[in-house]
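Subject: Structure handover and notes

Dear colleague,

Please find the structure below, handed over for your files. My notes on what was found in it follow.

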Amino acid sequence: MKAFIHKNATSVREAVMLLGQHPGKALPIAAGSDLLAEMKDRIETPEVVVNLKTIPGLDKIQKRQDSISIGALVPIIELVESGLLGTNFQVLVEAASVIASPQIRNVGTVGGNLCQRPRCWYYRSDLQCLRKGGKTCFAPMGENRYHAILGAGPSYIVHPSDLAPALISLDAKARIAGGSGDRTIALEQFFVLPTTNVRRENVLRPDEILTEIIIPLPAPGTKSTYWKQMERDAWDFALVSVAAAVRVQDGKVAQARVAMGGVAPVPWRSHEAEAALVGKALDEINIAEAAQQAMKSARPLRDNAYKVDLAKNIIKGALQKLA
Amino acid sequence: MAREFQHLSKSTPRIDALERVTGQARYAEDVTLPGMLYARVLRSPHPHARVKSIDTSAAEALPGVRAIIHSGNTKNTWSGGDMQGRRKVFSEVVRFVGEPVACVAAVDRHIAEDALQLIRVEYEQLPAAFSIDDAMKPDATPIHPGGNLEQKPMGYEIGDVEEGLKQADVRSEQTFRTKHVNNAQLERRVSLANWDGGRVTIWASTQGIYNCQKDMATDLGLPLSKVRIICEYMGGGFGNKNQAYDFDMMAALLSKQTRRPVRVEFNRHEDFIAVHGRWPTLQHYRIGAKKDGTITAMHLKGYSGMGAYLRSSGDLASVEIYNAANVKKEVYRVYTNVSCSANYRAPAFPQAFFALESALDEIAAEIGMDPLEFRLKNLPTTWGEKKQQFSSIALEECIRQGAAAFGWAEKRRQYANQTGDIRHGIGMGLGHFGSGLGPSSATVKIFQDGSVKVFVGVTDVGTGAKTTMGLIAAEALEIPFESVSVVSGDTDVCPYSPGESGSRTTGYTGVAVIQACEKAKQELLDQAAAQLKMKREDLAFSNGAVVAKGEPGKSWKLTEIIGKNVDAIIGEVANTRPAMGNVARVCFAAHFAEVEVNLATGKIRVTRYVAAHDSGIVINKLTGGSQIKGGVVQGMGMALREELIWDRRTGVPVNNYYHGVKPMLHPEVPDIEVLFVEKEDPYGPFGSKALGEVPIVPVVGAIANAVTHATGVRVRELPITPDKILMGLRKA
């Protein structure tokens, strides 16, 4: 690992200031379960690493009147074991419980899970790929069984986060602190497609950090679930995952949010699937139609057409669990 | 069972279990010496290139860097790197991504790594071929003179396969593909070398201290007596730690140059690409059978991808196990610009058995015969092209007892008609492995207090070999196991052993231990007879003392025989000179797998597994059973997940790390029921046959057949992953 300077930030302001002092040469670290591996492989070689774990107050889950707030430093395991997220946030609890391994869930943070870098094997290899500042995305002509089928190009990574689709299905917001001020945006807007920025997966500027996630309390009657399909039974990223939150009223779907992992360079919200459900009964035929609609614009590569079938089948499986 | 044993055929915990689980066991990486330097390797980023120049000036200027070796200043051959002697430690032409270009020794590992970044190498890139198919094309750039496809196949022919195919009622012609699977052992590579005058000591993680010693002496131009290899504990190898390696040489050369101990370290990525994995294959089978299930012909034309150098045979072994009048096997080796392929547990077997067992299930299905009945119909009565008799065989008993324990017939009925997304299926596979005997040596000391020390040149590679040798000695000397200590893993202390590969340890060195024990006992009783003025036949060695056979209670302490000033009685055997005559000594296995497949997700789960084994008398059922379970888990990984993937355009490996190849995890492994059919073998030590290699052999075929039984989808290219199931269902 290349030598670096390690600085403990004692406040959000200080963290942002330290990052701003070394533009492009400093990176924030929380648990480091992703960043340290990247540094060992010299995918990232920061000169300064700003430790966020020394900032007090960012590791709390707080219930408010009409929302819940999750600090960026909350360990993933807390989403499962704190008991603070009840059945209202079922999709998030389920998503958190299938991330990586128990050890990683114990140290890994909510913010880290949302800001983790892609697992694309070209990005993680020694090749200088598009996402690392090179000229080529090797996936479309190369080994692409795990790559994107939706929203891809010129980079074909898939977003690896499990929490992101779950939070997007709950209409969560992200709070960002930065050198030029703080802002709160819809989490869905936090992530960016490669057509916007081929080097990064989110809107964070070099002197910005994610500090908090705010989830509005779902309307009464909302049911939600997360289906993660992995090759291994554990300790694996999703081949495809589906987060679904649905509210049925008077026998018809009043509200539906469907977001997927493992299919696109961003956590992929399927407005098509949602539109196919709203106003209709949550029955087998309408669920099948929603799954069909979700994959309507899929453009598989040579080796990942199976993801289309898999996505349809687990969208059906997830929605049937809510019916 | 014919014989009663005091110590064998039981479950005995490892002799060094406490040291291992409490972290006291010292592995190669645990050894640090004062002033030790750390070395890291610079590897080629190109799959095929000429190294035009290497500029190390910037790296040398980095504070803390002590020495840099590369093709410009180091010309040593690495004899273990290529069976045809074509490989240097640093080659002027690199032939795969990851081939060493330079090695830097520095005061710590981070400085060594930083230095690698500062070495400027100018390459002239050459055209490259990564797959067996591409490398065989006529216009492919030759990786070595003579071309990429070796013209002379390995194999043999019995009868006439064309005639046999004509006689058949049913014929099958299929092509199978298997992939490069890394051994993925837990212990990463390190090699620590230190010179003491003209002698070099190497702490290596090796499966054979004497192989390592011989290779190092040859490649360094030293007498054997000047090379010492130590490997007290090792953390797995499964065939890819058989010899001395280029990094052992790098450590030795850098240590000599710097006059400091030098440890070469690999990271996990390097471990996956810089040594070797199982050879990938392309296999064409033509098989014919009569309607009654008799196989009339088997023709295998196979191609094995050896990577950039030849490090093992590349053979394929499977067709031997079935009795057919007409058999032809031809296997060709192919060079490719990727990491080398060589030994991984039963090197030539599981990939061949996957294909053969899949093809045979297809034939059985076409005839409408139960796969179990079909196999029983074609069991071997003699062995191979020489039609040898077996020293012992219990294959049929394995099949029958395994099937009964598994519930084969009931499950076939139960799963005949299924609906819904969740489907179940069962499959079986057979396997065999050679169980040869060969020269080895051992020394046994019976100390004056009756305790015993056994010296053997084995390394315990995880099989429990130290425990095995201790149990054999305890049995041979009729003494408590607790009074036996075993010393192993140091060429300066222990006598020769052939290396822990090829399922040889128990057979070769076990015989040596028995002979050494007999010799020590003989010597003791001869001395006792002289001392006590009694007949030798009237005396025996029992529980650490000499006893009179005819007079119960009459015994003499060893000090009364050998005197207080003599340490021990020593029995030594330098060469066991085993003789077997013209018989085939083969161990066999029959495995049964049950799977659950979700048709909606392609997810395959192995839900039940029975492994029935014919390994003769089992020396230790605890470690023997563990070996079988370990082999089954490795086979599951090979069947369902593991392959090393190189980008088809750049030749860069893309998944050379644990999460990339995804070996099986504990929660994914069902209870594995192990069944030993213990038929005594007349040649092996205490009736035993080989055990270590064979457990992985039947697994892949058994699981593949179970998946097809569950889904109707036949996947002919490993691994059988969810994407292949889902795409197969599209076609179905």
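B:Thr56 sits in the loop of chain B that runs between β2 (49-55) and α2 (57-61); helices (H or I, at least four residues) and strands (E, at least two) are DSSP runs, numbered from the N terminus. With a relative accessible area of 9%, B:Thr56 is buried (buried means under 20% relative accessible area, exposed over 50%, partly exposed in between, with a 1.4 Å probe and protein chains only). Apart from neighbours within four places in sequence, B:Thr56 is in contact with B:Ile68, B:His70 and B:Ile119, where contact means heavy atoms within 4.5 Å.

Before the rest, the conventions. This is a predicted model, in which local features need pLDDT of at least 70 and side-chain atom pairs count only at pLDDT 80 or more, while totals for chains, interfaces and linings use all residues. Residues are numbered from 1 along each chain as its sequence is written, chains are lettered from A and ligands numbered from 1 in the order in which they are written, and side-chain values use heavy atoms, with hydrogens and water left out.

Two further sites in chain B

B:Gly305 belongs to strand β16 (residues 295-307) of chain B and is buried, at a relative accessible area of 2%. Beyond four places in sequence, B:Gly305 is in contact with B:Ile132, B:Trp279, B:Pro280, B:Val334 and B:Ser341. From B:Gly305 to B:Gly72 the C-alpha to C-alpha separation is 30 Å, and the two are 233 residues apart in sequence.

B:Arg345 is in the loop between β17 (327-335) and α9 (350-367) of chain B. The side chain of B:Arg345 does reach the backbone oxygen of B:Gln627, at 3.0 Å. Residues that B:Arg345 touches, not counting those up to four places away in sequence, include B:Phe238, B:Arg278, B:Gln627, B:Glu693 and B:Ile696.

Salt bridges

Over all chains, the whole structure has 73 salt bridges. One of these joins B:Arg40 and B:Glu270, with the closest N and O atoms 2.7 Å apart. This pair links distant parts of the chain, 230 residues apart: B:Arg40 is in strand β1 (residues 37-43) and B:Glu270 in helix α8 (residues 268-273), both of chain B. B:Arg40 is buried, with a relative accessible area of 7%, and B:Glu270 is buried as well, at 5%. B:Arg40 and B:Glu270 are also part of a network of salt bridges with A:Arg42, B:Arg43, B:Glu113 and B:Asp114.

B:Glu122 and B:Lys52 form another salt bridge through their side chains (3.8 Å, N to O). B:Glu122 is in strand β6 (residues 120-125) of chain B and B:Lys52 in strand β2 of chain B, so the pair ties together parts 70 residues apart in sequence. B:Glu122 is partly exposed, with a relative accessible area of 41%.

A further salt bridge is between the side chains of B:Arg199 and B:Asp492 (3.0 Å, N to O). B:Arg199 lies in strand β11 (residues 199-204) of chain B and B:Asp492 in the loop between β22 (484-487) and α14 (505-532) of chain B, so parts 293 residues apart in sequence are tied together. B:Arg199 is partly exposed at a relative accessible area of 26%, and B:Asp492 is partly exposed at 40%.

The contact between chains A and B

Chain B and chain A each give 36 residues to the contact. The area buried between them is about 3,100 Å², with carbon and sulfur atoms giving 52%; buried area is the accessible area (1.4 Å probe) that two parts lose on being put together, summed over both. B:Arg648, B:Arg649 and B:His659 supply 17% of the area that chain B buries against chain A, more than any other three residues.

There are ten salt bridges between chain B and chain A. A:Asp236 and B:Lys662 meet through their side chains in a salt bridge (3.1 Å, N to O).

Regards

Notes: A salt bridge is a side-chain nitrogen of Lys or Arg within 4 Å of a carboxyl oxygen of Asp or Glu. A polar contact is a pair of N or O atoms within 3.5 Å; within protein, one must be able to donate a hydrogen and the other to accept it, and residues adjacent in sequence count only if both atoms are side-chain atoms.
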